[in-house]
Amino acid sequence: MKLDGRRESNNVEDRRGMSGGAKAGLGGIGGIIIIALMTFLGGGDLGDVISNVAQESMTEEVVTDGNYTPSAEEEELAHFAKQILAGTEDVWTKIFKENGLNYEPPKLVLFSNAVRSACGNATSSTGPFYCSGDQTVYIDLSFFSSMQEELGGGGDFAYAYVIAHEVGHHVQYLLGTLNEAHSQMDRVSETEANKISVRLELQADFYAGIWAHYDNKMFGSLEDGDIEEGLDIASKIGDDYLQKQAQGYEVPESFNHGRSEWRVRWLKKGLTTGDLSQGDTFKPAYGNF
């Protein structure tokens, strides 16, 4: 991606080197553990969104690791993440304004090892997530290395897709989609709740594509091979792919993020059309994505 000269977002809190413990369980959909693919058997994947639900009490103090020193590579990734977040701010502010709405950007928290959020405590193995309780995206930058090592996919646009997908969940929150979906999930069976979750995740993929479309239009940010990077990683984070990697077969009723082909299709749809009106993943019959 071409990001030279692009601004960094100011909506970033750097908590690397701090630890908030990991006592409280995360609410909502669950988490990702790329390093241990077996975790996916119980649900969880890139782009999880965590609702603002009641949590166990968190009494641990935040501990600062005085020995923590980020590597040059990590600092470069931090700079990159701040630039991508700034790009999402520019794009979604414009889109919301054109639709008579006001965009309130999310905060991004960079952490290492463990972090405390309004939705509970998490560790690095949770992967990137969005907490609607504090309207914040959380990410341990080591996740990007895990993408390369465990999934064999990466590159700057693939990393940007991760961040843009999480911001997509924030867009859902602002539009009311997220709360409505979670309300529905609370009233149905686990299998039906998983289907609603799939629709949420596919729409966040679509919104990531929308961001890429307009970021490129506004800043000329995409280079040759970028789109292929994004579609490649999208193909490797479908529930079917991950379950087959972990156990050799898939369990469709446990899907909560969608098949690889669905994720690729919705990311590509947003990227190629730039048409927000085409992003209703709740309208098609389930499976007809």
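The structure is a predicted model. Its average pLDDT is 85, and 83% of the residues score at least 70.

**Confidence**

- Where pLDDT is low, the predicted coordinates should not be read in detail.

**Thr281**

- Thr281 sits in the segment that follows helix H8, which spans residues 260-273.
- Thr281 counts as buried because its relative accessibility is 0%, and buried means under 20%.
- Apart from neighbours within four places in sequence, Thr281 is in contact with Arg199, Leu202, Gln203, Trp266 and Phe289.
- A polar atom of the Thr281 side chain lies 2.7 Å from the backbone oxygen of Arg199.
- Thr281 and Leu200 are 81 residues apart along the chain, yet 7.4 Å separates their C-alpha atoms.

**Helix H5**

- Helix H5 runs over residues 190-219 and has 30 residues.
- From the first C-alpha of H5 to its last, the helix reaches 43 Å, which is close to the 44 Å expected at 1.5 Å a residue.
- H5 is mostly covered, with 22 of its 30 residues buried.

Conventions
Residues numbered from 1 in each chain as written. Predicted model: local features only at pLDDT ≥ 70, side-chain atom pairs only at ≥ 80, totals over all residues. Heavy atoms only, no water. pLDDT = per-residue confidence, 0-100. Helix = DSSP H or I, 4+ residues; strand = E, 2+ residues; numbered from the N terminus. Buried < 20%, exposed > 50% of the residue type's maximum accessible area, 1.4 Å probe, protein only. Contact = heavy atoms within 4.5 Å. Polar contact = N/O pair within 3.5 Å; in protein donor to acceptor, adjacent residues only side chain to side chain. Expected span 1.5 Å × (residues − 1).
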